[in-house]
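Student: I would like to go through the terms used for this model and see what each one rests on. Can we take them in turn?

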Amino acid sequence: MAMVPSRTKLTDVQSWPVDLAAALGLAEGGTEVSPFWISSSLGQIARLWPLILLAKLCTFALLHASLFQGSVAYTLILTAMLLIDGVVMIAPKGGRFQQQRPHVQKWLMLALMFLSSFTFGLLLEPAANPGGVPNGLLAEILVAILVVCIFGDRRLLGACYFLGTLCASMLQQAPFAQTGLLFICLAGMMIATLRQARADRDRAIALHQQDLRAQRSDRLLQEYEQSGHGWFWETDRHGCLTYISDTLVSTLDGMPQGGMIGRRLTDLIGNGDHQHGTGERTVGFHLSARTGFSEIAVRAAMTQDERWWSISGQPVFNEYGQFHGFRGSGADLTAMRRSQAEVQRLAQFDSLTGLPNRVQVLRSLEEAVAGPQGMGASECTLMMLDLDRFKSVNDTLGHPAGDALLRQVSQRLLEVAGNRGLVGRQGGDEFKILLPGHHDRRSMEQLARAIIASLSRPYSIEGTVVVIGASIGISVCPQDGVTADALIRNADLALYAAKGDGRGVHRFYSSEMHADAEDRRQMEEDLRHALASDALHLVYQPVVSSQTERITGYEALLRWNHPVRGAISPAVFVPIAEESGLIAPLGEWVLRTACRDATQWVDDIRVAVNVSPIQFANPGLPALVMSALANSQLAPERLELEITESVFLNDDDGTDATFARLKAIGVRLALDDFGTGYSSLGYLKKAPFDKIKIDQSFVRGAAVKGNRNSAIIKAIVSLAEALGMDTTAEGAETQDELALIRQLGCSHIQGYVYGRPLTAEDVLERQRSHGTLALAEGFQSSRPERKTMLRTVNVLHDGHSYTARIRNISATGAMIEGLWNVPEGTIFAIEFSESLSVNATSRWSLDDRMGVEFAAPIDLAALGAHSRSLAC
């Protein structure tokens, strides 16, 4: 075990007995006491010794003794005395003497004292005065008493002087009375010296330790002051400074060293923040009340920049209770204040854009809603803004470019909003704009259009031109909510509606949006339960060769029969699955189920499975495909994965790697919905597709005279043939569309013209009865175009208004849900918006669904344009 060396403190007193010689100052005294306590008074004795010499000479005069008696011995003794006394007066003040160790100086001084008194005693005759008292004894004692007075607490020197006198008397054979008296004096001096030696040394030790502590404290205080961490001050009873640290004075403007002495302490302090108990007023109160104070924050009054100090002080009283002033310390709080201000700023402002963050915007919104004096229901407007296509900028140019773009967006928002309201960043690519007070609808529409137009202008990011857009949702207090949470929720619903209506528009909140959101939330819960309880199923739509009219494969289509809502279109619940994170388990279930069902078909018939972009972005997709094929024992070439163009939005090394791994497995790849997304011929050049699927929007109406879709189909077929790819035309429903597709050269056809999708059992039954032969059926000519949608409308009948939803619509009619058991032939009005209403007649009804026929055909394009105009 390692021993830790201990450090002896200066306050520790030696435990061993003090040596007598050290106590008398005749030996080294150790480190616990300053060695100069022994020799500290020798210089003072030398300066006062002329008085002793003068006393000796006066003694000779009073005794009528002649200094020149003609005796050689007498002259030598006198000369020796004068020389010795001269040495006593000069030597202790000399450098060589002071260079000696203190106890050596003490020995030298003892010898000089002995010789001085001895020679003086030899010069005095031991004759008696008329009263019988020896004159020499009287003179010697008087001079010795004077010497003892000069020596003070250096009693050993006095005893040595008496010893010299005693030796001189004994050498002269003085009377016994004289010798005895001197011996008694010497004995008394020695006893007193020995008795007081330890006490003197202990007192010297205590004084030495006290001095060391004072020196240590002084050094520590000086180092503390010089470090700049703090400073000290002291005032008199009138509050005027008697001491202040030089380090503080040096920071004051135009203040020379010592220039603050005599000025009042309060001259250093500014007014401060009186509401929070800081500043000159608070310190002045304590000074006048003579009470202590601790760590009062004050603002400096005599500095160029703003500085803050923390001051503490205590009143000083003497032992009689008299007030002498104040003594205290101070510290610089400027750095801490700035740090606190920065922390507060970061807590309230976004570090990237400098805009108020969500916390400050929420606080401001709560204050705006609360109104003056917290009365509540004050008018204000909240805009929720989301950037369109921002993610693609992050993915293609990197996050630094995305950060730069957000900073430019924030600057444009500030320019457009100006002083109208508070612009804040919600997080990510979402922003909020709070407009206090009343604003009419027209002004809010103009502001929203201005914001969208400004943010849609091109940006220059690292030399690259970037174009994005913005969608805005708006809620108004108190119409749309009287709490901050309600306004935020409703503005978010309006933003969701704006993004759902094509982005780049703004929408005001309406109560129908909340109903749609609740309906969407409920549908998400039901979908989650349906997936867990195996309530979903697959149907298979045949893919037919245009040349042989033989079925070459089936596309697996997901279906959901809701226990209450009935059949729900995948166009409705698949986006919900993608947003809620259910698409991964849902896609895996579809893939495994389709592979398992396909193993029961004819060996050369393939199965096509749609792959969501979210699934494709998962690096584990190839492993999942291999697992599904292995478990079902399906040949890889019989599986065809249909991938949409949106997977290329995140075009990177990961996308190329996934394509390569899938092709290595041996599955076929088809580009689905070609021509409707972000079409680029570069995709066809780099991605290993085996087939191009022509979207049904090009097929429907292609046989109508004057329609351009046929030209588009022909171009796509030519491109696919040049690249060695198959083509599948989707959505063929009529005989004329079928004939046109064959004429244009499509290799495969898929649509209701060859029948509706079949369950797995029906597929097996059809193969047993008809083999792979496909039978064309359906209408001879095309019927009006239908569009799938989920839109809330008002249905007016007999003065009553009902809320319903349109599921699909064509120029001549629509399917509506939400009204139960409507009698056939019922006439009512469908209100699409405040300015657009269409008369319709019910033609069929089943539970909460019905089919209606419009009184006159409507223009679907005009309806879409009208919907977009509502956002302007």
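Student: Why is threonine 728 called buried?

Tutor: Buried means under 20% relative accessible area, exposed over 50%, and partly exposed in between, with a 1.4 Å probe and protein chains only. Threonine 728 has a relative accessible area of 1%, so the residue counts as buried. This is a predicted model, in which local features need pLDDT of at least 70 and side-chain atom pairs count only at pLDDT 80 or more, while totals for chains, interfaces and linings use all residues. Residues are numbered from 1 along each chain as its sequence is written, and side-chain values use heavy atoms, with hydrogens and water left out.

Student: Where is threonine 728 placed, and which residues is it in contact with?

Tutor: Threonine 728 sits in strand β20 (residues 726-730). Helices (H or I, at least four residues) and strands (E, at least two) are DSSP runs, numbered from the N terminus. Contact means heavy atoms within 4.5 Å. Leaving aside neighbours within four places in sequence, threonine 728 is in contact with Val543, Lys691, Ile692, Lys693, Ile694, His748 and Gln750.

Student: How many of the chain's residues count as buried, as a percentage?

Tutor: Of the 872 residues of the protein chain, 45% count as buried. The secondary structure of the chain comes to 29 helices and 27 strands. Among contacts between residues at least 6 apart in sequence, 62% join residues at least 24 apart.

Student: What makes aspartate 534 count as exposed?

Tutor: Its relative accessibility is 53%, so aspartate 534 counts as exposed. Aspartate 534 lies in the loop between α18 (511-532) and β13 (536-545). Its phi is positive, about 60°, although the residue is not a glycine.

Student: And why is glutamine 633 called exposed?

Tutor: Glutamine 633 has 68% relative accessibility and therefore counts as exposed. Its place is in the loop between α22 (621-632) and β17 (639-644). Phi of glutamine 633 is positive too, near 60°, and the residue is other than glycine.

Student: What makes α3 and α6 roughly parallel?

Tutor: Axes are lines fitted to C-alpha atoms, for helices over the stretch in contact, and angles run from 0 to 180 degrees between N-to-C directions. Angles under 35 degrees count as roughly parallel, over 145 as roughly antiparallel, 65 to 115 as roughly perpendicular and the rest as oblique. Helix α3 (residues 42-62) and helix α6 (residues 102-123) pack at about 5°, with their axes 12 Å apart. That makes α3 roughly parallel to α6. The contact of α3 with α6 has eight nonpolar, three polar and two charged residues. In this classification Ala, Val, Leu, Ile, Met, Phe, Trp, Tyr, Cys and Pro count as nonpolar, Asp, Glu, Lys and Arg as charged, and the others, Gly among them, as polar.

Student: Why are α13 and α17 called roughly perpendicular?

Tutor: Helix α13 (residues 358-370) and α17 pack at an angle of about 115°, with their axes 9 Å apart. The two helices are therefore roughly perpendicular to each other. Leu362, Leu365, Glu366 and Val369 of α13 make the contact with Ala484, Leu487 and Ile488 of α17. By class, this contact has six nonpolar, no polar and one charged residues.

Student: What makes a space a cavity or a pocket?

Tutor: On a 1 Å grid over the protein atoms alone, a cavity is a set of points where a 1.4 Å probe fits but cannot get out; a pocket is an open set with protein on both sides within 12 Å along at least five of seven lines, and lining residues have an atom within 4 Å of a point. Grid points are joined across faces, edges and corners, and a volume is the space filled by probe spheres set on the points. The structure holds four cavities of 30 Å³ or more. The second largest cavity has a volume of about 70 Å³, and β14 (551-562) gives the most to its lining, with four residues.

Student: What is the volume of the second largest pocket, and which helix gives the most to its lining?

Tutor: The second largest pocket has a volume of about 210 Å³. α17 gives the most to its lining, with six residues. By class, the lining of this pocket divides into four nonpolar, one polar and six charged residues.
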